[in-house]
Amino acid sequence: MGCVQSFRDMCDRTKNTNVRFSLPAVCVVWQTAMIILFGVFIRYNEESDTHWIEHRKAKNISSDIENDFYFRYPSFQDVHVMIFRYSFGAVGFNFLIAAFGLQWALLMQGWFHSLDYTDGKIKIGVENLINADFCVAGCLIAYGAVLGKVSPVQLMVLTLFGITLFAVEEFIILDLIHARDAGGSMVIHTFGGYYGLAISWMLYRPNLDQSSRLQGSVYHSDVFAMIGTLFLWMFWPSFNSAITDHGDGQHRAAINTYLASGLDRPHHCGRLQPLPETWEIDMVHIQNSTLAGGVAVGTAAEFMLMPYGSLIVGFLLWHRLHPFMEKYLKIQDTCGIHNLHAMPGVIGGIVGAITAAAASESVYGTEGLINTFDFEAGICVAICSVWGDGIIVGCILRLPIWGDAADDNCFDDEPYWELPEDEESIPPILQYNNHMRNKDVVESNFTMEQN
Amino acid sequence: MGCVQSFRDMCDRTKNTNVRFSLPAVCVVWQTAMIILFGVFIRYNEESDTHWIEHRKAKNISSDIENDFYFRYPSFQDVHVMIFRYSFGAVGFNFLIAAFGLQWALLMQGWFHSLDYTDGKIKIGVENLINADFCVAGCLIAYGAVLGKVSPVQLMVLTLFGITLFAVEEFIILDLIHARDAGGSMVIHTFGGYYGLAISWMLYRPNLDQSSRLQGSVYHSDVFAMIGTLFLWMFWPSFNSAITDHGDGQHRAAINTYLASGLDRPHHCGRLQPLPETWEIDMVHIQNSTLAGGVAVGTAAEFMLMPYGSLIVGFLLWHRLHPFMEKYLKIQDTCGIHNLHAMPGVIGGIVGAITAAAASESVYGTEGLINTFDFEAGICVAICSVWGDGIIVGCILRLPIWGDAADDNCFDDEPYWELPEDEESIPPILQYNNHMRNKDVVESNFTMEQN
Amino acid sequence: MGCVQSFRDMCDRTKNTNVRFSLPAVCVVWQTAMIILFGVFIRYNEESDTHWIEHRKAKNISSDIENDFYFRYPSFQDVHVMIFRYSFGAVGFNFLIAAFGLQWALLMQGWFHSLDYTDGKIKIGVENLINADFCVAGCLIAYGAVLGKVSPVQLMVLTLFGITLFAVEEFIILDLIHARDAGGSMVIHTFGGYYGLAISWMLYRPNLDQSSRLQGSVYHSDVFAMIGTLFLWMFWPSFNSAITDHGDGQHRAAINTYLASGLDRPHHCGRLQPLPETWEIDMVHIQNSTLAGGVAVGTAAEFMLMPYGSLIVGFLLWHRLHPFMEKYLKIQDTCGIHNLHAMPGVIGGIVGAITAAAASESVYGTEGLINTFDFEAGICVAICSVWGDGIIVGCILRLPIWGDAADDNCFDDEPYWELPEDEESIPPILQYNNHMRNKDVVESNFTMEQN
């Protein structure tokens, strides 16, 4: 058996090795292209340019504090923490997505939304940085469906296409259909979720259960339950209010998200099933449901959802579809993003549509009337276009040139990471990963002693 | 002996089991009531309502940046992080307090402070969210005294009464006595501390030392020393400045708290006793004293305490009363909240009274003269009323219907939590808990090897 | 051999013991002096004083939101988190530096920059708190070079001199030479780095490899790779924008830092060497390079560096000089601060000089023209003066009165810390430290079983 194992190891090594040449190559080409494109296209906008003082006088703005920086920077910092906590938290290559994705997102979104036609330059400010973080968040969500099953080079491809498609889809939903989606329920969560699931469907691995031990213990539960929840969740109010209108818009979005995401947990305590073995409180379940609350209120956060409306939204969430999906739909969803992002995102779009439909002129004043149809169209676009996109990208990723791991080597960091003997340079999650293995050793050791 | 143990286990199981039905029931009833009450009473205030733009014009406010959101949101986020870090950090059911408490606090405090008599609605904005977090902080402090000794259903009762009493007491101190208490030394810390201690006194368990091993190693030191300190402490300046006056008030409160909480640690290095075995630096001691500094400056943080005054406040703190209390007063204080919150809170009230007494018209301008008597009365109310309240609530909690654990089962998560075999879905603190047990196994294993 | 070892242990105990008397003595004297100096010198400035409302009317400021607090508090909080995360994160006595250093820095910097000549008082506001944090950051960086090799009393001396020299050097660079250095590339990072390295050079321990096992596994890699990176790095934009000009200055500094520090990681993936054993992705390497990006853009962050300029700065970083330094220059650099702070700081100064040289009147408007010469002079001052200072302080620290550990006792916490048997009261890093030892036990145990 030792012989078979070492033969397997050799094969896997060979299969994985090639990213050691292709990954640096892709990185260098990408980064060089970015610097050139930034040099040609990207400049500061009027609020971050040294000519701000002249702009201020021309626009009759009374104080520096009215610079958009002071409206949005605290929210931006929280969003940025969320994104990068996500990137560093997960076990592997998220940081590649974040690093490359942010640059490409600044360009793609800039061409669609911030292009100054007088000189052909993209003018960026703090709002563009927030939007780039949002765009990357969509790709990180998609990554959650294929985590542990793709190579770093495949991730780069997934990101390159993802950012591009995100910008196009966002342009269609926000600028052509004129739906509004402040917290990105449709644009970020539904897009990211179904994009990832479509790709995961195309990359279905029938023999994946061989490495399911690793999936179960390390990837799914720990990484996402712990880091995901604590950090993502505390900053939901900032996430949903980051790009809403100055003044009451940001204020209301923060209140609604606080109520929907922070306070829906009791419901899920109430969902406890009185079955002999499983009726205790399930921590993961509770934590995920708080997350989903923030997603489901995303679109409607800036509307007059009313405080009780936010509480009600907290009820409509998170059902366990995960095993069903893998069994019957042949979609493997490593981190359960369907329950965490895709479904709540759809609910968020529907809540937005209902809230908009219930809006009367007296509630919103004369200016703010919103068309319900936009939201329905927005959800449809988000779901349909994204499945098409995901399938195409999935097909591309099936090409045998990306250095992805063999089935029985999935969810294992070793092929791609330099793991030192003493676990010294690895982040805590990886340590935990190794710690688990050591613990097994300890426990089996102990068991041996007993016998 | 194995026979006795399994009999005990069976008993405890039985004793604990009932919360599996009562807890969900309480949760569902509570949450339903909340949604109805929110629907009847709670609306956005003028700064978070879509009519803000009209309000702005009516009040001649020049810019959206003067919305209260921009004055308070950064502080709110820090306070919110503190509250929920506390909730997730501790080993068990703090999150229940936070989730239910926040909703009930919004209602109770709203009825007292934010009721619009023209239409009978409570109008909420970001300041209400901060105050609700403060109110919950009081209950979380109280929970610290009984941590590990009460069932989740008892916690719900403790929270329901605690929030209610908090709102009443706050109304008396701030609105009837007209004391000021920006950082909540009296209102939050003294209230929360003595409320918890009074309950703990009523719930005194003479045989608790049977589970003291768990208390010592896991609960007291690690959870509160580490997570408590690092996160609570970094955000003290935000906590104490969150609801002070716009402008110089918030500015001064942040400076005073920074000086009092950050800089008093040297004193405690100086307190090291030159005894052979214990004179090394005690990390817990140092960390707790920094915390207490922030509490002790809470009331006076917005006053003209002067920078040197803040440094002096940092000296007046934290003496080791813990063993004394348990031995002679029959009060078991799991997390040492008397030293961390109750006593520093009293000191904070006294510092506030002295600072107010020292205030002259030239220091505060013509408007800000403060009556010393108010603070003395405030402290008395906080201490006396709260002991009465706590004793009554403690009596209620002694009723044998709440499913609390037996003495020798205290400080153990197992009865209430679904702990998976692989520790997969549990937060890091729980893992640590288990890790400790595994470590014991390893060490005893190792010892066996040596022999 | 056991006999020799126990003799050694006894000697080291004796050698270390004396800080148990001298440390409290130094702390008490220092703290008493601080309170007296604060009483004599430090007052609130006009924005944190109760007379703010009169100042507002006199200056015709339209709203409380224009108080400097609202411009700088969110950035201050981030900087403060960075400083204290650093202090608590590292294994030992950083908190002493932070606690004493902040007070002394408020005084030293106050005398140089915030002295009101009309009444001889230092008037402090939130900007002073940020500058004190920066000043302490310089000392914490210096500490990184000698971590594990000095006693707490030596640290106090290092800090006392370091803060003093920092304030003088800052005064020379910013006020006499008129260079600008918003993010402190020269003033903080180059100063702190070379100050620490000069001291480390003076304290060279030829036999240090005896304790190199501890250095390798615990100190260098884990502490700084994990905590250092995650927290320091997420807050770089706040660090570099905290004290820049209101309005476009803070806005631009945040954008530039975001681009330079967040996005330079791909370059370092590209640096992977295709060598058989080490070509995998090195996490520490990647993480450190992101940090260095933020340092290198510090000086130029507020200038019109342009977005592509920030990306380019991300390329110019972090080469592995560490082993070279120790071997040939006799400088032991525990945490690699030369690569992380000193070198990137020099690059930052050069980038600032180039950006300033490239500035034209049309880019900066009529007011903002910057003299290139200033930066060159600034870098020279930072490097040269600091080596002189560091050597003198190093000589003082060589005096045999400070209770430093023997060579073979370095990097061990035991001499200075009260480590409880159950690891209960120690912060996570220390736990990890002990955990490593336990793991060794477990593994050796397991190995024994195999044989």
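Biologist: Where is Asn60(C) placed in chain C?

Modeller: Asn60(C) sits in the loop between helix H3 (52-59) and helix H4 (68-89) of chain C. Helices here are DSSP runs of H or I with at least four residues, numbered from the N terminus. This is a predicted model, where local features need pLDDT of at least 70 and side-chain atom pairs count only at pLDDT 80 or more, while totals for chains, interfaces and linings use all residues. Residues are numbered from 1 along each chain as its sequence is written, chains are lettered from A and ligands numbered from 1 in the order in which they are written, and side-chain values use heavy atoms, leaving out hydrogens and water.

Biologist: What is the phi of Asn60(C)?

Modeller: Though not a glycine, Asn60(C) has a positive phi of about 60°. Asn60(C) is also exposed, at a relative accessible area of 70%; exposed means over 50%, buried under 20% and partly exposed in between, with a 1.4 Å probe and protein chains only.

Biologist: And what is the phi of His178(C)?

Modeller: His178(C), not a glycine either, has a positive phi of about 65°. His178(C) lies in the loop between helix H7 (152-176) and helix H8 (185-202) of chain C, and is exposed at 53% relative accessibility.

Biologist: How do I read a helix pair?

Modeller: Two packed helices are described by the angle between their axes and the distance between the axes. In chain B, helix H6 (residues 126-146) and helix H8 (residues 185-202) pack at about 35°, with axes 7 Å apart. Axes are lines fitted to C-alpha atoms over the stretch in contact, and angles run from 0 to 180 degrees between N-to-C directions. Contact means heavy atoms within 4.5 Å.

Terms used: Helix = DSSP H or I, 4+ residues; strand = E, 2+ residues; numbered from the N terminus.
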